[in-house]
Amino acid sequence: MSLPADLHMHTPLCRHATGEPVDYARRAVELGLTEIGFSDHSPMPRDDFDDWRMRADQLDEYVAKVRRAQKEFPQLTIRLALEVDYLPGHENWIRQLAARHPWDYFIGSVHYVSESWDIDNPAKLSEWKKRDALEVWQNYFDRLALAAESRLFEIIGHADLPKKFGIRPQQDCTPLYEKFLNAAAQAGCAIELNTAGLRKDCKEIYPSRQILQLAFQKNVPVTFGSDAHAPAEVGMNFADAVALARSVGYTQTCRFNQRRREFIAF
Ligand SMILES: [Zn+2]
Ligand SMILES: [Zn+2]
């Protein structure tokens, strides 16, 4: 059976990825993938918000790059999507983005636990030392639950991103996971198995087996994503992700076309 679709990959427009969409598509074909989706970092209402995303006036260029890859690789299904930052209060901005192009899906991700701290940013690693890890995880999962409840996203990205640098609370976080996953189940929102965690200090797929087990119990669907920031990362460690998903009981994944969901066996 072929590998599931890789629904999470970036482009150089976000200023921290290399390779054009056609290069990612070529790699996907080499690997025997039948479907991929581009989900680059969405613009913010203010272009000077940070320095790791496309500007608002680059959105059309982004879509054109993905269209070019679709044209060059007709044998590969290539979806058009965005990884959208969820911040409370940004709901109207996200709706405006949604109206601008015929997107196949939105991945909703929380990177910011406040207006100014993106917890996965290596340049801000020292912030972690100033805070209580549990407090960060609480803020993060509260926001993740709000993201799911907003119904603005088909998929929630890298659900336990705060583990990236290997800093974890001592306390049991099960209630935080439960609250988020109940919201995802209620909203019909999927979570992704994101293999980028294996390439970070935490050396673990996002999310953990514990979260994935809870998600399966609550009927939360899953998708797969490499979070590739370079063509060589496309489909990376997908065999591990598939094995993890199967080991907790998943037999189906989903795909998205014009924001409609379809289940398929993997
Ligand atoms: Zn990125
Ligand atoms: Zn992300």
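**Notebook: salt bridges**

I counted the salt bridges in this predicted model and got 21 for the structure. My cut-off: a side-chain nitrogen of Lys or Arg within 4 Å of a carboxyl oxygen of Asp or Glu.

Bookkeeping: it's a predicted model, so I note that local features need pLDDT of at least 70, side-chain atom pairs count only at pLDDT 80 or more, and totals for chains, interfaces and linings use all residues. Residues are numbered from 1 along each chain as its sequence is written, chains are lettered from A and ligands numbered from 1 in the order written, and side-chain values use heavy atoms, leaving out hydrogens and water.

**Arginine 53 and aspartate 85.** I looked up this salt bridge and got 3.1 Å, N to O. It ties together distant parts of the chain, 32 residues apart: arginine 53 sits in the loop between β1 (35-41) and α2 (59-72), aspartate 85 in strand β2 (residues 77-85). Helices (H or I, at least four residues) and strands (E, at least two) are DSSP runs, numbered from the N terminus. I checked accessibility too, and both residues are buried; that's under 20% relative accessible area, with exposed over 50% and partly exposed in between (1.4 Å probe, protein chains only).

**Lysine 218 and glutamate 178.** Here I got 2.5 Å, N to O. Lysine 218 is in the loop between α7 (209-217) and β6 (222-225), glutamate 178 in helix α6 (residues 174-187), 40 residues apart. Glutamate 178 counts as partly exposed because its relative accessibility is 26%.

**Arginine 255 and glutamate 262.** Their closest N and O atoms are 3.3 Å apart. I found arginine 255 partly exposed at 24% and glutamate 262 partly exposed at 40%. Shared partners join Glu35, Arg79, Arg255 and Glu262 into one salt-bridge network.
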